[in-house]
Each structure stands twice: as structure tokens, then as C-alpha cells.
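Biologist: Hi! Could you walk me through this model before I set anything up with it?

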Amino acid sequence: MAIPIPSRQLFIDGEWREPTLKKRIPIINPSTEEIIGNIPAATAEDVELAVDAARKALARNKGRDWAFASGAVRAKYLRAIAAKITDRKSELAKLEAIDCGKPLDEAAWDIDDVAGCFDYYADLAEGLDAKQKAPVSLPMETFKCHVLMEPIGVVGLITPWNYPLLMATWKVAPALAAGCAAILKPSELASVTCLELAEVCREVGLPPGVLNILTGFGHEAGAPLASHPHVDKIAFTGSTITGSKIMTAAAPLVKPVSLELGGKSPIIIFDDVDLDKAAEWTAFGCFWTNGQICSATSRLIVHESIAAEFLDRLVKWIKNIKVSDPLEEGCRLGPVVSGSQYDKVFKFIATAKSEGATIACGGDRPEHLKKGFFIQPTVITDVTTSMQIWREEVFGPVLCVKTFSSEDEAIELANDTRYGLGGAVISNDLERCDRVSKALQAGIVWINCSQPCFTQAPWGGNKRSGFGRELGEWGLNNYLSVKQVTRYVSDEPWGWYQSPSKL
């Protein structure tokens with residue numbers, strides 16, 4: 001049964017507004033390659049309108065309506081948004097599945113996480129009230145000091161297509177909890193559910209201008225947002241190349257940025273593991289979300305003594321993965337998001353073969369799927385550390401493999417990357433897991449698993465995977481400015497200068 005795509009405009013100042021240049025972008029279902037709707041294409045003119053609306057929202061009633069309202073007031077809106085998201089879970093999950101190709105079961109899980117994230121930051125917004133005027137201990141009794149936690153201002157939020165609504169929420173929820181006004185620019189490849197978030201905000205009565213949502217291309221909407229002089233911060237999730245451009249745009253204004261960028265994360269399998277458990281986590285760590293995860297553990301580093309047996313077991317698990325239309329029951333791998341992404345992934349596979357690697361399984365499109373951007377889950381062996389497939393992020397269902405003989409060699413291979421987002425270690429020796437966890441140059445380490453993510457725990461990377469942390473209290477701190485307030489409390493003059501003589 002066809003799922004209708006709601007026809008939406010841009011969401012600016014609490015209202016639907018046609019884009020200034022009246023341009024729209026087609027929505028292509030990656031499972032069928034059919035055009036199923038369209039989204040508005042914002043340009044610099046629309047960015048100006050959204051920034052103006054956001055600044056007015058912060059200044060309204062001298063800030064008392066939002067920026068300097070109590071955290072409890074903002075929490076009320078965040079909880080109302082969470083409840084509406086929950087009510088619309090089934091519809092939103094289906095929209096997400098046909099928009100970006102995510103298996104329906106995954107999309108439903110994501111929508112649960114969206115609601116949970118808004119609820120979590122509602123709690124943290126309330127907690128901010130108790131932290132205001134927190135005293136600072138000083139060495140001089142003649143002074144008293146406290147700290148104010150204030151919203152950083154108008155924030156630009158630029159988000160990706162692999163978790164369209166969830167990764168938008170990772171930024172929107174803490175930004176609103178902090179008292180910021182936000183302008184969200186989701187990826188043009190998957191914006192449908194973000195526009196539905198706008199409708200949810202309208203329905204719950206979120207004050208106008210507090211959240212504005214501009215869909216459109218990066219160069220037409222994202223770039224002018226990043227460089228706008230009245231946007232106080234940019235938070236971006238996406239490619240390292242685009243992250244570098246955003247830093248460049250922000251630099252002349254000394255504008256703070258937080259970046260969650262690419263990855264080429266390792267998963268290390270030691271020789272004392274249960275092969276089936278390790279095989280399932282290895283598959284999940286790379287092929288979850290159709291392999292399109294910045295934190296995907298797409299470099300398998302396996303002990304040489306079990307490598308042949310483990311790979312044999314892993315291939316059996318992978319061949320059991322159901323590749324199908326995302327709406328089909330039991331789907332565990334859908335299409336990649338677009339034709340260009342499809343071509344890019346196959347180019348990686350072709351290059352690996354030309355460089356001497358071996359395709360152990362997959363490497364082609366599934367025979368039973370004649371349309372759509374489907375790629376078989378693929379394992380590549382006989383890989384060297386100089387190969388493209390070892391060094392560059394594929395962002396598709398492709399796993400490359402190397403073996404090791406010692407713990408030190410495993411760590412060296414794991415850290416042999418310019419990225420540093422995630423890493424996993426699978427072993428029954430927990431002391432060894434702790435050693436490896438400390439040695440991995442990554443912002444996130446998983447022990448005996450891969451890819452679990454919780455709203456309460458920090459998320460972010462090192463090296464070219466970016467900086468700053470999302471989620472947990474760290475996510476809220478991204479959008480807060482800390483102000484020191486110090487008062488002289490003595491009745492005595494300061495006494496540093498000699499008093500003028502009295503006539």
C-alpha cells in the first residue's frame with residue numbers, strides 16, 4: 001500500500017512558508033527509484049528569514065518567553081513533543097523507511113529513541129534551574145562568586161540522512177532545553193520526518209521562531225547558515241570534507257562549532273570468543289542501518305589462529321541476512337540512500353579488487369531485487385593497510401578484514417586510521433578488554449558488542465572524526481554559555497589606591 005508523503009513548506013517563525021525562489025527537490029524512494037514527492041529548497045534568502053525569526057524569539061519579552069524562561073517551562077514543550085512523536089510512531093517510521101531506505105523495524109526503534117531523547121532533555125532542562133547561581137568557592141572572603149548557565153544564542157544545526165529524525169533530535173532537543181533558538185537544516189536526501197517534526201512543534205504551540213526548519217541543498221542553505229554573522233554556533237554531523245568547510249566558514253567570525261564526522265572504526269576479535277556471538281556483533285556493527293553509519297566497525301581485525309573458522313562462520317551469518325524492501329516483514333538490510341551512494345560503494349568494491357583484495361562474499365546487487373539501490377552485504381579479505389578500502393570510509397555494507405598475531409599488533413592496526421570515532425573489542429578476557437579500550441584512539445569503545453547507543457552517554461570522536469560530544473549532559477553543554485558573576489561583599493573600601501585628600 002502506498003504511503004502518502006505530506007506536502008510541506010519551509011517552517012519559519014512558527015508558520016509554513018513557501019521558499020523564496022519557489023524551488024523544490026524531488027524525493028526518490030531508494031527501494032523503487034521512483035519519485036514519491038518533493039520537499040522545498042531553501043536558499044540564502046530563506047536563511048535570512050529564519051535567522052531573523054530565531055533572534056526575535058530569543059529577544060521576545062526580554063528573553064522571558066524562552067531564553068531566560070525557567071527550564072521547567074521549556075521542559076513542558078519538550079515532553080509534549082515527545083508525546084506527539086510517540087503517538088505518530090507508526091506513520092513516522094514508515095515515512096523514514098521509504099525516504100532513506102532504513103528497514104522498518106530499525107526506523108521504529110529510531111522513533112522510540114527520538115521520543116526518549118526529548119523526554120531526557122526535558123529532565124535536564126528542569127535540572128538547569130537548580131544549577132543556576134551555583135556558588136564558586138573563592139580564597140578571599142570579601143568576594144562571592146556564582147555561575148549562570150545561559151543559552152549560547154541562535155544555533156544552526158546541520159544533520160545527515162542516515163538517521164534523519166534521530167540525529168536531528170540529538171541536536172534540537174538539547175539546544176531547546178538550553179534555551180537556544182535553532183535553525184535545523186536536514187540533508188536534502190532525507191528530510192521528510194524533520195518536516196513532520198515542524199508540524200509536531202506547531203501542534204504543541206512551541207513559541208514562534210524557537211525552531212525553524214529549512215530543507216534544501218548544502219551549498220544553497222547549509223553554507224549561508226554556517227557563515228551567517230548572526231548565528232552564534234554551528235553543530236554539524238556529516239562528512240569530514242564538509243566539516244572542514246564549516247570550520248572554514250565559521251573561522252572569520254570565531255564562531256564555535258561542534259563536529260561529528262566520518263569514521264573507519266575497528267572491531268578486534270580475539271581467539272577466546274564464542275564465534276557465533278562475535279560473528280553476529282561483527283555483522284551488526286557493519287551492516288546495521290544498511291552499513292551507512294559513521295561509527296560502523298567496518299575494519300575487522302581478527303586473531304590469525306581463528307581467522308579462517310571465524311570468517312566461515314561470519315559468511316554464514318551474513319548470507320542469512322534478509323535483504324529486501326524496508327517495509328517487508330523481517331527486512332534487515334535495505335537499499336543505500338541514493339543512486340550516487342550506490343555508485344560510490346560499488347566503485348570502492350571495484351577498486352579493492354583491482355588492488356588485489358578478495359571478495360569473500362557479496363560484492364554485487366542481490367539477484368532477486370531488480371530495482372532500487374540494493375547492495376549485498378560484502379566482506380573483503382586479503383587487504384593491506386595501503387589499500388583504499390582500509391583507509392577510506394565507504395558508508396555502505398562493506399567490511400574489510402585483516403588478521404593479527406599479538407595484542408600490540410591488533411592495537412596498532414586498530415589505530416592505523418586518520419579517524420577516531422568508535423572501536424570494538426571482543427574477548428572473554430575483561431582485563432585485556434580494559435587494556436585495549438584505553439589504547440584505542442577513539443571517542444567511543446564497545447566491549448563484547450558494537451554500535452549500542454544511549455541518550456545518557458556521550459557520543460563523539462577524535463582525530464578527523466571531529467570534536468565535541470553529543471548526548472548526555474555533554475550534549476546540553478554544547479548549547480550553554482557559562483557566565484561568572486562575582487560580587488564584592490565587604491563594607492570596607494578596596495584600598496588599593498591612596499584616597500584623595502579631603503578638603
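Modeller: Happy to; we can go topic by topic.

Biologist: What should I know about the ground rules?

Modeller: This is a predicted model, in which local features need pLDDT of at least 70, side-chain atom pairs count only at pLDDT 80 or more, and totals for chains, interfaces and linings use all residues. Residues are numbered from 1 along each chain as its sequence is written, and side-chain values use heavy atoms, with hydrogens and water left out.

Biologist: Which residues does UniProt list for the domain?

Modeller: The unreviewed UniProt entry lists residues 16–485 as "domain: Aldehyde dehydrogenase". UniProt positions are in the numbering used here, feature names are shortened, and annotations may be inferred rather than shown by experiment. Over residues 16–485 the chain is 41% helix and 20% strand, with the end C-alpha atoms 41 Å apart. Helices (H or I, at least four residues) and strands (E, at least two) are DSSP runs, numbered from the N terminus.

Biologist: And which residue has the "active site" annotation?

Modeller: In the unreviewed UniProt entry, that annotation covers E260. E260 is found in strand β11, residues 257–260.

Biologist: Is E260 buried or exposed?

Modeller: E260 is buried, with a relative accessible area of 3%. Buried means under 20% relative accessible area, exposed over 50%, and partly exposed in between (1.4 Å probe, protein chains only).

Biologist: What does E260 touch?

Modeller: Not counting residues up to four places away in sequence, E260 touches M167, F236, T237, G238, C294, L421, W459, S465 and E470. Contact means heavy atoms within 4.5 Å.

Biologist: New topic: where is W474, and what is around it?

Modeller: W474 lies in helix α15, residues 472–477. W474 is partly exposed, at a relative accessible area of 43%. Leaving out residues up to four places away in sequence, W474 touches Q456, A457, P458 and R469. W474 and Q456 are 18 residues apart in sequence and 9.2 Å apart in space, C-alpha to C-alpha.

Biologist: How do α3 and α6 cross?

Modeller: The axes of α3 (residues 89–100) and α6 (residues 192–204) come within 9 Å and cross at roughly 150°. That makes α3 roughly antiparallel to α6. Axes are lines fitted to C-alpha atoms, for helices over the stretch in contact, and angles run from 0 to 180 degrees between N-to-C directions. Angles under 35 degrees count as roughly parallel, over 145 as roughly antiparallel, 65 to 115 as roughly perpendicular and the rest as oblique.

Biologist: Which residues make that contact?

Modeller: From α3 there are E91, L92, L95, E96 and D99, and from α6 there are V192, T193 and E196.

Biologist: Let's do strands. What is the order in the open sheet of three strands?

Modeller: The order is β5-β6-β22, with antiparallel pairing. The edge strands, each pairing on one side only, are β5 (134–136) and β22 (480–488). Two strands pair if DSSP finds at least two bridges between them.

Biologist: How many bridges join β6 to β22?

Modeller: Nine bridges join β6 (residues 143–151) to β22.

Biologist: What about β18 and β19?

Modeller: Those run parallel, with four bridges joining β18 (residues 422–426) to β19. In β19 (residues 444–447), I444 and W446 form the covered face, whereas V445 and I447 form the uncovered one.
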